[in-house]
Amino acid sequence: MGHRHPSKLKNPEVSHARARWLLRAELAGCDACRAEGDEHALSDLASGGVFDSLITGFVLSRVQQWHSPSRPSQYPATVYRIAPIHERDFWRPPTQHCMRVCTVTGSGGNGVDTVPALRELRLMSTADRALVLDDIIDGLAETEG
């Protein structure tokens, strides 16, 4: 599209420029840009690509929200295992599957191994990939809002 969306993103973990553009389009409510960005994300399943950046940003922002001193997590751990039940229940089945193989790493949960999730996404239908993308974009938009 020939226009720009306001840049007020707070999530530095979404590092890919096209992923940040898609997230800004979502926050601005621009359906045309969102459709274009979704199409690009659904086809870019490479490590370091658009979908990878969105998953990484989603997981790292959520891990910070889920952190509780009364219930500390040990890393590495799958995203599904450390997510609160109410969060897991919100995810659609394809997202739940991806989060069962996506691993939070690092001593403080400051890294994400998305390779197995990206592999699973490549095996999914485009419709299932779109469900995962919707859940991730919704989660990122919540953390930005």
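Q: What share of the 145 residues in the chain is made up of buried residues?
A: In this predicted model, buried residues make up 50% of the 145 residues. A residue is called buried if its relative accessible area is under 20%.

Q: What elements does the chain contain, and how do they run from the N terminus on?
A: The chain has eight helices and three strands. Their order, starting at the N terminus, is α-α-α-β-α-α-α-β-β-α-α.

Q: How many aromatic pairs does the rule for ring centres give?
A: Two aromatic pairs are counted, the rule being that ring centres lie within 6.5 Å.

Q: Why is the pair of Trp66 and Trp91 called tilted?
A: The ring centres of Trp66 and Trp91 are 6.3 Å apart, and their planes stand at 55°. A pair is stacked under 30 degrees and edge-to-face over 60, and the rest are tilted.

Q: Which residues do ring pairs link into a cluster?
A: The cluster consists of Phe58, Trp66 and Trp91.

Q: Are Trp66 and Trp91 buried or exposed, and how is this known?
A: Trp66 has a relative accessibility of 12%, and Trp91 has one of 2%. The cut-off for buried is under 20%, so Trp66 counts as buried, and so does Trp91.

Q: What makes the charged end of Arg18 one that sits over a ring?
A: The charged end of Arg18 is 4.1 Å from the centre of the ring of Trp21 and sits over that ring. The distance cut-off is 6 Å, and the charge must also be within 35 degrees of the ring normal.

Q: Over which ring does the charged end of Arg100 sit?
A: It sits over the ring of Tyr80, at 4.2 Å from the ring centre.

Q: Where is Thr103 placed, and why is Thr103 called buried?
A: Thr103 is in strand β2 (residues 103-105). Its relative accessibility is 18%; the limit is under 20%, so Thr103 counts as buried.

Q: Which residues is Thr103 in contact with, leaving aside its neighbours within four places in sequence?
A: With those neighbours left aside, Thr103 is in contact with Pro76, Ala77, Thr78, Gly111, Val112 and Asp113.

Terms used:
Residues numbered from 1 in each chain as written. Predicted model: local features only at pLDDT ≥ 70, side-chain atom pairs only at ≥ 80, totals over all residues. Heavy atoms only, no water. Phe/Tyr/Trp six-rings, centres within 6.5 Å; stacked < 30°, edge-to-face > 60°. Buried < 20%, exposed > 50% of the residue type's maximum accessible area, 1.4 Å probe, protein only. Helix = DSSP H or I, 4+ residues; strand = E, 2+ residues; numbered from the N terminus. Contact = heavy atoms within 4.5 Å.
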